[in-house]
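Thank you for letting me take a few minutes today.

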Amino acid sequence: SGTTRREPVTTRTEGGFTITDRIDVGGGVRGDFEAAVRLLEQERYAEAAEALREVAEAAPDATAVHIDLAIAYRHLDDLEQAEKSLDRALELNPRHPVALTEMGIVYRRTGRFAEARERYEQALALYPEYHFARKNLGILCDLFIVDPGCALEQYQLYNQAVPEDEDVAIWIADLKNRVGR
């Protein structure tokens with residue numbers, strides 16, 4: 001391939017984190033990736049998947065491409081391809097919290113709850129502020145493995161970070177009611 005890969009750079013800020021893949025690719029590939037991401041954001045998943053497959057061929061070492069491709073596949077209910085894309089992303093960066101969390105979602109949707117929990121917990125061990133992993137761990141604990149203590153803790157921590165998410169506030173109240181707190 002025509003790409004050169006260097007170690008990714010993680011920048012932490014008060015508002016979260018940014019992981020920058022340091023890969024040298026041509027401007028055309030970068031533009032194609034940005035166009036594919038726009039398709040993903042527009043929920044045009046089939047078109048996004050096609051565009052991202054082409055970008056992945058041109059830049060096979062770009063972690064973000066494989067993660068976004070997995071997200072497109074997940075929305076298309078092609079969990080097998082989503083898992084393959086995430087395997088590649090985690091091969092490139094085994095500590096990537098988005099890839100770990102997305103793999104947790106794929107595992108949850110395929111009934112592998114212990115593996116899903118492990119992935120969410122890995123992401124949170126690396127990035128405790130990554131509220132998307134925390135919310136997904138809460139959902140897993142609440143609805144799939146029936147661990148109300150875990151669910152309540154995760155929902156409350158998530159709610160502290162994202163107080164505007166009214167759904168989670170309702171989930172907390174519902175969970176407290178169900179467990180008699």
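**Aromatic pairs and a disulfide**

Let me begin with Phe132, which is partly exposed, with a relative accessible area of 34%. Please keep in mind, as I go on, that what we are looking at is a predicted model.

When the whole structure is searched, three aromatic pairs are found. Tyr130, for its part, is buried, at a relative accessible area of 12%.

Another pair is made by Tyr155 and Trp171, and this pair is also described as tilted, at 5.4 Å centre to centre and with 50° between the planes. Which parts of the chain does this pair tie together? Tyr155 sits in helix α8, residues 148-161, while Trp171 sits in helix α9, residues 166-179, and therefore the contact links parts that are 16 residues apart in sequence. Tyr155 is buried, with a relative accessible area of 1%, whereas Trp171, at 28% relative accessibility, counts as partly exposed.

Now let me turn to the sulfur atoms. The structure holds one disulfide, and it is formed by Cys141 and Cys150, whose sulfur atoms are 2.0 Å apart. The link between Cys141 and Cys150 is right-handed, with 55° about the S-S bond. Are these two cysteines buried or exposed? Cys141 and Cys150 are both buried.

Terms used:
Residues are numbered from 1 along each chain as its sequence is written. This is a predicted model: local features need pLDDT of at least 70, side-chain atom pairs count only at pLDDT 80 or more; totals for chains, interfaces and linings use all residues. Side-chain values use heavy atoms; hydrogens and water are left out. Rings of Phe, Tyr and Trp (its six-membered ring) pair if their centres lie within 6.5 Å; planes under 30 degrees apart count as stacked, over 60 as edge-to-face and the rest as tilted. Buried means under 20% relative accessible area, exposed over 50%, partly exposed in between (1.4 Å probe, protein chains only). Helices (H or I, at least four residues) and strands (E, at least two) are DSSP runs, numbered from the N terminus. A disulfide is a pair of cysteine sulfur atoms within 2.5 Å.
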